[in-house]
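Subject: Structure handover

Hello,

Here is the structure for you to look over. Please open it alongside this note.

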Amino acid sequence: MGSSRKRQTSTSSSSDSSSSSSDSPAPARSKQKRESSPPARNNRQQQRNNRQQQQQQSSPRRQSFNSSLNNSQNNNSPQPRNTSMKRKRRKEEREMETEDREKSDKKKKDKKDKDRKMKPDKNADKGEDGEGEKKDLSAPNYEKSGKLAEERNTYKGIVIKYAEPQEARIPKTKWRLYPFKGAETLPTMYIHRNSGYLIGRERKIVDIPADHPSCSSQHAVIQFRLVDHIRQDGSQTQKVKPYLMDLESTNGSFLNNVKIEARRYYELKERDIVKFGFSTREYVILHDKTDGVMDTES
């Protein structure tokens, strides 16, 4: 009994000693692992970083490739400021083009309206059968021949006081006006290209400007008309002749220094002198067949 107790105590002591010996160093090792693991990880990360830096420094080709790649990415990146400026510039150019187109169309339309309003309606005096009464064109006209309804006779917002008659024609004879201001000779005016010429201070609508303060905005008109003409042998024909009409101006128009009546046609003959208002300018009417006049304009 005593020996068995000794054996048990010895075995228990040995087991205790072995357990104590086996359990005692374990906590120390785990502590060492725990304490040593974070620096090891940091060292490995640092080694990896160092290795990458060495590779980058040792390979210049890789550096150039990376730099070129970065540059290409920067170049291909969108630039909203430049694109917005380009869009704005293109929009302004389109707006300018449309404005120019509208202005040119408006000028053409105004010109067409003016030509249409200055020319009379050929079918105005015709009846239902298309034939009208023949008028005696050589007889004096005491009516207000150029007067039209104001609501229909406007150009560029300005009421025109005159409209061409039905007998208006473009002359074949090359008539001219030679203006003189005292002893000074002014540029010649060729008036054979149209059938009528409006004279006055309103430069938007007149054909021959008269800028003197005594002249009216629509002062007078020179009109070419197809009228009956008697030849020297007594035969009768028709001929286009120039006429002057004062448009009820404030200070009147003068033919050979004689004031003419307003709203009446007065025939202009070769070497006649015309004046408007109190202006010192004198207009002498001649044509290409006048003695001493050279044909310099077709």
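Below is what was found in it.

This is a predicted model: local features need pLDDT of at least 70, side-chain atom pairs count only at pLDDT 80 or more, and totals for chains, interfaces and linings use all residues. Residues are numbered from 1 along each chain as its sequence is written, and side-chain values use heavy atoms, with hydrogens and water left out.

The sheet first. Five strands form an open sheet, in the order S7-S6-S8-S9-S12, with mixed pairing. Strands here are DSSP E runs of at least two residues, numbered from the N terminus. Two strands pair if DSSP finds at least two bridges between them. Strands S7 (208-209) and S12 (266-267) stand at the edges with a single partner strand each, so one side of each has no neighbour in the sheet. Strands S6 (residues 196-200) and S8 (residues 220-230) run antiparallel and are joined by four bridges. Tyr 197 has Ile 222 in S8 as its bridge partner.

Next, the salt bridges. The whole structure holds four. The criterion is a side-chain nitrogen of Lys or Arg within 4 Å of a carboxyl oxygen of Asp or Glu.

- Glu 167 and Arg 225 meet at 2.9 Å, N to O. Glu 167 lies in the loop between strand S2 (158-159) and S3, and Arg 225 in strand S8, so the pair ties together parts 58 residues apart in sequence. Glu 167 is buried at 15% relative accessibility (buried is under 20% relative accessible area, exposed over 50%, partly exposed in between, with a 1.4 Å probe and protein chains only). Arg 225 is buried too, at 5%.
- Lys 241 and Glu 267 have their closest N and O atoms 3.7 Å apart. Lys 241 lies in strand S9 (residues 236-246) and Glu 267 in strand S12, so this pair links parts 26 residues apart in sequence. Lys 241 is buried at 14%. Glu 267 is partly exposed at 30%.
- Arg 264 and Glu 261 meet at 3.3 Å, N to O. Arg 264 is buried at 17%. Glu 261 is partly exposed at 45%.

Finally, Lys 181. This residue is in strand S3 (residues 175-181). Lys 181 is partly exposed, at 42% relative accessibility. Leaving aside residues up to four places away in sequence, Lys 181 touches Leu 186, Thr 280 and Arg 281. Contact means heavy atoms within 4.5 Å. Ser 279 is 98 residues from Lys 181 in sequence, yet their C-alpha atoms are 9.0 Å apart in space.

Best wishes
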